[in-house]
Amino acid sequence: MPAVSKGDGMRGLAVFISDIRNCKSKEAEIKRINKELANIRSKFKGDKALDGYSKKKYVCKLLFIFLLGHDIDFGHMEAVNLLSSNKYTEKQIGYLFISVLVNSNSDLIRLINNAIKNDLASRNPTFMNLALHCIANVGSREMAEAFAADVPRILVAGDTMDSVKQSAALCLLRLNRTSPDLVPMGEWTARVVHLLNDQHLGVVTAATSLITTLAQKNPDDFKTSVSLAVARLSRIVTSASTDLQDYTYYFVAAPWLSVKLLRLLQCYPPPEDAAIRGRLTECLETILNKAQEPPKSKKVQHSNAKNAVLFEAISLIIHHDSEPTLLVRACNQLGQFLQHRETNLRYLALESMCTLASSEFSHEAVKTHIETVINALKTERDVSVRQRAVDLLYAMCDRSNAKQIVAEMLSYLETADYSIREEIVLKVAILAEKYAVDYTWYVDTILNLIRIAGDYVSEEVWYRVIQIVINRDDVQGYAAKTVFEALQAPACHENLVKVGGYILGEFGNLIAGDPRSSPLVQFNLLHSKFHLCSVPTRALLLSAYIKFINLFPEVKGTIQEVLRSDSQLRNADVELQQRAVEYLRLSCVASTDILATVLEEMPPFPERESSILAKLKRKKGPGTVPDIEENRKERNANVNGGPNHTSATSNAKASPPSFVGDLLAPAPPPTNRPRPVSSASFLQNPLTPLPPQAYAIPLAASAGTFYQVAAPAAASSTDLLGLGSSTSLNSTPPAAAPPTAASLLVDVFSENSPPVSAPAHIAVPATAAPAADDNFSSITTKSFHVAESILADVQEPTDKFVCKNNGVLYENQLLQIGLKSEYRQNLGRMYVFFGNKTSTQFLNFASNVVCQDTLASQLNVHLKPVDPTVDGGAQLQQIINIECVSDFVEAPVLNIQFRYGGTLQNIAVKLPITLNKFFQPTEMMSQDFFQRWKQLSAPQQEVQKIFKAKHSMDTEVTKAKIIGFGVALLDGVDPNPSNFVGAGVIHTKTTQVGCLLRLEPNMQAQMYRLTLRTSRDTVSQRLCDLLSDQF
């Protein structure tokens, strides 16, 4: 770069800067700046033409004033004129001003682009570098369009100087990040990859950065870079520090290039070619060997450069996960850093060992450092290092050391920093459940957890222990005894009271034989905590009291007196008052048999992913919590205690599960538990009195009805949207809990997975959240200014929401959108929940609904405004009011826009609003049905469709789907009992459309014939299309 002569010192600029610094007040500074601006403006507008030096000086002053925070609205043209100068210093100032002040939408862009093109074509390396730097600094889409073809050409040209190649590679990298669609690399790929063989290491370093970014998006196109990267890395690590003098940093040869090459290799699996693979292994072994050598310098720069290469090499070894020797050596090397005096090295070693712990080859090597990690947990002064130690203990845990690690975590929990207590609680709960060979130990651990850190025990933890106790008969008596003893402490945390109330209400009879825990003693113990608890906990205790009346008739009078007291019947809280009134009335009027049916034991919960693990993943961020058992292949059974190892005290009917896919595998089915009665009574006429056993449905078959203690909006603590978690699409319902008609009525599409049930205390919808690709809508996600942008069209809606009104509508790594909806006649209300799955705020959050074409006149949709900010991990609710004006076919589109990390995100989702949502079921007798059927006999009023069954032809499932569609299912109307008949009325603002349907299944041919008759032909066709897709 040319040297700046003494004449370019710009004395006038120096004097101006000195005057600004000498100002005594802000007013004086502004006065001096205004004076200078007036002087510059007069110079630019004067008749006398300014020379290049004067233009440069005044443009520099404007740039300095802008950097002080003042707006500059002139001088841009003078800066552009400087670009045509042949003097380096003048051209440099012009490019600097443009890079900082010129907007990408400026009218001067065309002039600037012309000047840049002239400099790129000049073949003057200094001018070319200035032009490339300007393109990269501005990085606008207009510049990408103008120079996307020129920059790659300069990069691969044989006569381009090395310094220009460096600038071109970095400029291309910048354009690829801002406008990836405008930088076609197809024809340049091979020649860009070949830059890895360039003699100039600066060019290789810049090219490696570019290739790494491109390979992350299109790995197949840059696969040939692997062999070249390995060859270049080999030459670097085997060279002496004197061979690469210009690129040796404190006796470490080209550390930055080595790190970039190792990072590039992490974009690909281990090389298939044996020679290349062997050469790479030699490189990695050499790096590990050099780490063992005594340092060549005592300066921190030497150790930093050396360790940077070492840790990147270890990351590559972990990524490949194929060389046991290297993995073990890497683990041993990291183990030496665990006691290093440098805090950063201890932190990085713990972080890397967390990943190593998930490898089948290095897990045992990691476990040998357990004592060192535990010591770090107790003695480390830096809280971030202690947090990584907790992560490593969690990652290295298996059946052989689970009790030791859980005990150490519990011990540390008493003195742990408040910022990490909740995370430790979640991890202890997960490990205790995952590796519980004896479930009595699990119950003890969770109760101890609540005792030590009750304030940090989230609802997911005690929900989960309830699920496990209910699903395992062998631990119920022990759990009842243990919580009874724990509740006798003078001060109990409220979470312990919740667990105690639930378990004693369900299984208190198992310990009632002991005089020390008689029914009256149990009740008095629970009631002594009542006045100290919050409203939700009091509601749960009232539910436990009514359960006591069923379990222990001898305490009925005592409990009725409590329910009858003014503090309950006249409670200011409507939930407590309603429970007290209803439970008191139930205990007085219901017979013993009805009471036993209504208050029977809760049925087992269908198995699902642990909500504790889901919460931990949300807390740590997507992708940061590895599934230990999924990433770690099955190791020797003897090492982990064996998958069938059971405790001598365990009475389990089956061996503890090996938690491979789910944290809690299906428990053995209880043999003494009453099952929920069939919900066939739901299909009866609502005005017809139901048989006594039907009253068991809302209380016993639904976990969320009887024990529900919070409003639905409060259920978000379990799931980000309170909509449950989806189970595996390949899983099957556990044999212990076959789906009943009740579950089918809730979610008729869960053919491959059981309905997700939360513990009875969680107010969540009963439907499982579907996987993202099974949702109602396809989506468009546009992410501007990032290379990872996704672009997809909003497609036609699928049929997942036709027969249900709630679920997860859309989900990606940033956002989860769920909905609950309700309809009455021609009106509907939809609650849309936006869940922020990240730890970063969503800013400028806004949404609107678009009804295209004729839909705007057929459907009125109104949104209530929402807060423009969504905190990390938080949920936002928006209400959408809907009015059906006339029958319609298309669905409205919900557009969501927000900023995440400075990037604008746009998502478009089709709302599941279909015509059948405005059905009102109509009960009809057989004679009335056929009379109406004959009246609708015109050809245009009937639509008939014969189609192949896409799902199993199950009678109960078919009934549930028809009811979910919105019509009344009419029994005994069709002469053929295997046929299904329904009736309903579509309500719109302008008219009402009666509808009759008949579905005829042919089991042998696996076919259906669907016939619909309505008073409007367009309605018949639309309803036929919607319903036929469900079978």
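This is a predicted model: local features need pLDDT of at least 70, side-chain atom pairs count only at pLDDT 80 or more; totals for chains, interfaces and linings use all residues.
Local features require pLDDT of at least 70 and side-chain atom pairs pLDDT 80 or more, whereas totals for chains, interfaces and linings use all residues. Residues are numbered from 1 along each chain, and side-chain values use heavy atoms, without hydrogens or water.

Helices α3 (52-67) and α5 (88-101) each supply at least two patch residues, helices being DSSP runs of H or I with at least four residues, numbered from the N terminus. Val100, found in α5, is partly exposed at a relative accessible area of 37%, that is, between the limits for buried (under 20%) and exposed (over 50%). By contrast, 10 of the 14 residues of α5 are buried, so this helix is largely enclosed by the rest of the structure; among the buried residues are Tyr95, Phe97 and Ile98, and the cover includes α3, α4 (76-82), α6 (109-121) and α7 (125-138), contact meaning heavy atoms within 4.5 Å.

Ile98 is also touched by Ile112, whose other contacts include Val80 and Met143, residues up to four places away in sequence not being counted. Ile112, Ile116 and Leu449 have the most contacts inside the largest nonpolar core, which has 193 residues (buried Ala, Val, Leu, Ile, Met, Phe, Trp, Tyr and Cys joined through side-chain atoms within 4.5 Å), and helix α24 (residues 439-453) gives the most to this core, with 10 residues.

Note on methods
Buried means under 20% relative accessible area, exposed over 50%, partly exposed in between (1.4 Å probe, protein chains only).
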